[in-house]
Amino acid sequence: MTAPHLQVIGIGGASNVLPMTDMDPEGSANRGGAAPPRPPGPAPAGFIPADQVRAVPFMPPARLAPSALPPGSGADVPFLDLPGAPPVDRSAAWRWFFYALIGFLVGQLAGGVFGAVAGDVAGKSAVQMARITASTVPPEWYVVSTLAGLWIGFFGAPWLASRTKGTRHLWADLGVRFRWVDLWGIAIGVGGQIVIALLYAPFQHDIHDFNGPSNKLTGGAHGAGFLVVALATVILAPFMEELFFRGLLFKSLARLLTPTGAGTPRGRGVGIVVAVVVDGLLFGLAHGEWVQLAGLALFGMALAAVSYRTGRLGMNMVSHASFNLVAIIAILGQRGGVH
């Protein structure tokens with residue numbers, strides 16, 4: 001094997017190329033010992049004594065996470081246009097999609113376990129718990145406990161995706177960033193409720209218990225219990241669901257369904273549309289409310305489109321929170337206030 005060489009620049013740009021073995025024939029630098037003694041007398045001007053030369057290991061430059069990009073670098077664009085934005089390829093996207101599936105299942109199981117534990121703490125028998133589970137107006141402690149279990153999966157899956165197939169910067173990988181422009185999400189959320197109400201208006205009288213899903217979410221809560229459920233519905237639910245459905249699931253679908261490399265703009269556009277539709281349908285199905293499936297799916301598609309255009313989840317979370325807030329206000333109107 002040829003010995004490595006080191007170039008030392010001298011006077012006038014002259015160079016002396018010395019084999020590393022000649023500079024340190026005994027290999028003392030590699031063994032951590034002292035360098036060989038230098039001949040007496042001062043070193044010639046412009047030269048670096050060989051005993052002062054040490055090889056520096058090469059360190060590859062660190063890749064910046066999307067959140068570390070400098071202002072004005074185009075961070076608020078579709079993540080597909082950001083080099084290095086996770087999931088970076090289809091292999092990583094499949095892993096993210098798999099985590100989303102597992103996270104949803106874990107959330108469902110954890111919700112059932114949390115509900116059972118809460119029932120045991122409340123002193124409920126197995127027969128009573130069966131009635132509560134099937135009830136259209138479950139108590140607030142059951143609603144909150146099952147939501148907490150569900151959110152374990154909704155948060156755990158994105159966290160795992162960021163740790164194993166991302167940059168390990170959770171908020172940057174999932175796009176959790178807020179801007180003042182995100183306040184337009186209020187109009188999107190309120191407008192979404194209005195559009196859905198208009199779509200359902202011709203059929204509302206023919207649908208049995210149209211407001212059943214909303215009443216089941218708030219349960220039989222009253223007073224302070226209702227406020228707790230309302231805060232969970234308006235603040236925590238939008239955050240967790242957007243993190244899961246648009247931060248994790250939609251990004252995996254967008255990367256899987258769009259062409260890579262020199263794909264045509266038309267092919268990419270078709271892939272994004274399909275990803276938006278699939279994400280919205282899965283969002284509606286995940287709620288398990290067949291009566292309101294169409295409305296929830298349409299709103300989910302709108303949220304997926306917003307997250308794609310902004311490259312963030314800020315406007316999504318504001319829109320989702322506003323959408324849920326309108327539902328809570330409508331329930332309060334039916335009840336005549338908090339009692």
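A residue counts as buried when its relative accessible area is under 20%. By that cut-off, 40% of the 339 residues in the protein chain are buried. The model is predicted.

**Overall make-up**

- Read from the N terminus, the order of elements in the protein chain is β-β-α-α-α-α-α-α-α-α-α-α-α.
- Of the contacts in the protein chain between residues at least 6 apart in sequence, 71% link residues at least 24 apart.
- The protein chain has an accessible surface of about 18700 Å², and carbon and sulfur atoms account for 68% of that surface.

**H4 with H8**

- Helix H4 (residues 140-165) packs with helix H8 (residues 224-257) at an angle of about 25°, and their axes lie 10 Å apart.
- H4 is therefore roughly parallel to H8, as angles under 35 degrees are classed that way.
- The crossing of H4 past H8 is left-handed.
- On the H4 side, the contact residues include Val143, Val144, Trp151, Phe154, Phe155 and Pro158; on the H8 side, they include Val228, Val229, Leu236, Met240, Phe244 and Phe245.
- By class, the residues of the contact of H4 with H8 are 18 nonpolar, two polar and two charged.

**H2 with H8**

- H8 also packs with helix H2 (residues 90-121), at an angle of about 145° and with the axes 8 Å apart.
- H2 passes H8 in a left-handed crossing.
- Among the H2 residues that meet H8 are Arg90, Trp94, Trp96, Phe97, Tyr99 and Phe104; their partners in H8 include Phe244, Leu248, Lys251, Ser252 and Arg255.
- The contact of H2 with H8 comprises twelve nonpolar, three polar and three charged residues.
- Phe244 and Leu248 of H8 are listed in the contact with H4 and also in the contact with H2.

**H9 with H10**

- Helix H9 (residues 265-286) and helix H10 (residues 293-310) pack with their axes 7 Å apart, at an angle of about 135°.
- H9 and H10 are therefore oblique to each other.
- H9 and H10 make a right-handed crossing.
- From H9, the contact draws on residues including Arg268, Ile272, Val276, Asp279 and Phe283; from H10, it draws on residues including Leu293, Leu296, Met301 and Tyr308.
- The residues of the contact of H9 with H10 fall into 13 nonpolar, three polar and two charged.

Technical notes
Residues are numbered from 1 along each chain as its sequence is written. This is a predicted model: local features need pLDDT of at least 70, side-chain atom pairs count only at pLDDT 80 or more; totals for chains, interfaces and linings use all residues. Side-chain values use heavy atoms; hydrogens and water are left out. Axes are lines fitted to C-alpha atoms, for helices over the stretch in contact, and angles run from 0 to 180 degrees between N-to-C directions. Helices (H or I, at least four residues) and strands (E, at least two) are DSSP runs, numbered from the N terminus. Angles under 35 degrees count as roughly parallel, over 145 as roughly antiparallel, 65 to 115 as roughly perpendicular and the rest as oblique. A crossing is left-handed if the near helix is turned anticlockwise from the far one by less than a right angle, and right-handed if clockwise. Contact means heavy atoms within 4.5 Å. Ala, Val, Leu, Ile, Met, Phe, Trp, Tyr, Cys and Pro count as nonpolar, Asp, Glu, Lys and Arg as charged, and the others, Gly among them, as polar. Buried means under 20% relative accessible area, exposed over 50%, partly exposed in between (1.4 Å probe, protein chains only). Accessible areas come from the Shrake-Rupley method with a 1.4 Å probe; for residues, only the protein chains shown count as cover.
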